[in-house]
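The text below takes them in turn.

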Amino acid sequence: MPKAYVFTRYGGPETEALVEVDRPGPGPGEVLVAVTAAGVNPVDWKVRTGYRRPGETDSRTFPAVFGQEASGVVREIGAGVDGFAVGDEVFGSTVAGGYAEYALLPVTVAAHKPAELSFQDAATLPVAAATAYDGIHQLDLPAGATVLITGAGGGVGSAALQIARALGLRAVGVASEGKKDLVESLGARHVPSGPDLATRVRAAAPDGVDGVYDLVGGEVLAEAAGLLTDRTKLVTAGAPAPEVEKLGGARVERARNAAVLDAVAQLVVDGKLDPHVTRAFPLDRAGEALRTVEDGHARGKIVIEVVGA
């Protein structure tokens, strides 16, 4: 039987286990993929704790497989699927987890993997890079404008810096001192995180910032909002809608479609976006991969390498 890394109930790391599971079958509009790689994201461990996005109901059954993005090779096609065939190399968002030897992808949020794109890089794109893409495009800033990105050293933040640059924007990235070299290597001005953020941003961008893409929330979001004259140019993926709307901004509107996946994949192929995969763990060490992200010290993206059965 194929293996998967799961959590058996809501809670901490003690709920996690590598187990054998039944091979899933694709439903209408889905493809079954033999997973080659799966991306690891902060939302993975948050879901284990019982976290749900606003408006979501808790319909999860246990054991629940970790992960929300994967790449691999199509093994079965569900009813009503066009444009995909057995043997295709694909990547996308998962139906019920990606830390597994097999995963289901809805074709509405799946795309063909370009030959020039590695499976590891492809597995990181549906969550982090696509969220970065959606937020930067939602700001709709003209070329030459300055965008402030908080949480710039993580997977979404590092992708947002690069996508901003690809659009001709000047980027200022807020991150810890330990991630200064990463932020600056992506062509952005680095601002250390910590108290009195606004003062440091003003010093780094004396002409001001034209937009903010926040990935942190809380006091960081509030300080960043104070740097804007036009609060409609404030977008967050790090705070709930009521928190940012109170400041005059908005939550990022996720497109969640194949067109965005195609777009971010092309950016990688064109050399304009490096997913910055910094570590890869085998499936039987998925817990270590998750701890690396959960501890908050990961640079770039962490992936799990899976040998599809």
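What follows describes the helix, its neighbours and then the cavity.

The model is predicted, so local features need pLDDT of at least 70 and side-chain atom pairs count only at pLDDT 80 or more, while totals for chains, interfaces and linings use all residues. Residues are numbered from 1 along each chain as its sequence is written, and side-chain values use heavy atoms, without hydrogens and water.

Helix α9 covers residues 258-269; helices (H or I, at least four residues) and strands (E, at least two) are DSSP runs numbered from the N terminus. At 1.5 Å a residue, its 12 residues should span 16 Å, which agrees with the 16 Å between its end C-alpha atoms; the expected span is 1.5 Å times one less than the number of residues.

Val260, Leu261, Val264, Ala265, Leu267 and Val268 are the buried residues of α9 (under 20% relative accessible area, 1.4 Å probe, protein chains only). Because they cover an arc of only 155 degrees around the axis, they lie on the same side of α9; the arc is taken from the directions from the helix axis to the C-beta atoms. These buried residues pack against β6 (89-93), β8 (110-112), α2 (119-123), α3 (125-139) and α4 (155-166), where contact means heavy atoms within 4.5 Å.

After α9 comes glycine 271, with a positive phi near 80 degrees.

Residues lining the largest cavity include Thr124, Leu273, Asp274, Pro275 and Lys301 (lining residues have an atom within 4 Å of a cavity point). Two or more lining residues come from each of α3 and α4, and α4 gives the most, with 4 residues.

Note on methods. Buried < 20%, exposed > 50% of the residue type's maximum accessible area, 1.4 Å probe, protein only. 1 Å grid on protein atoms, 1.4 Å probe; cavity = no way out; pocket = protein on both sides within 12 Å on 5 of 7 lines; lining within 4 Å.
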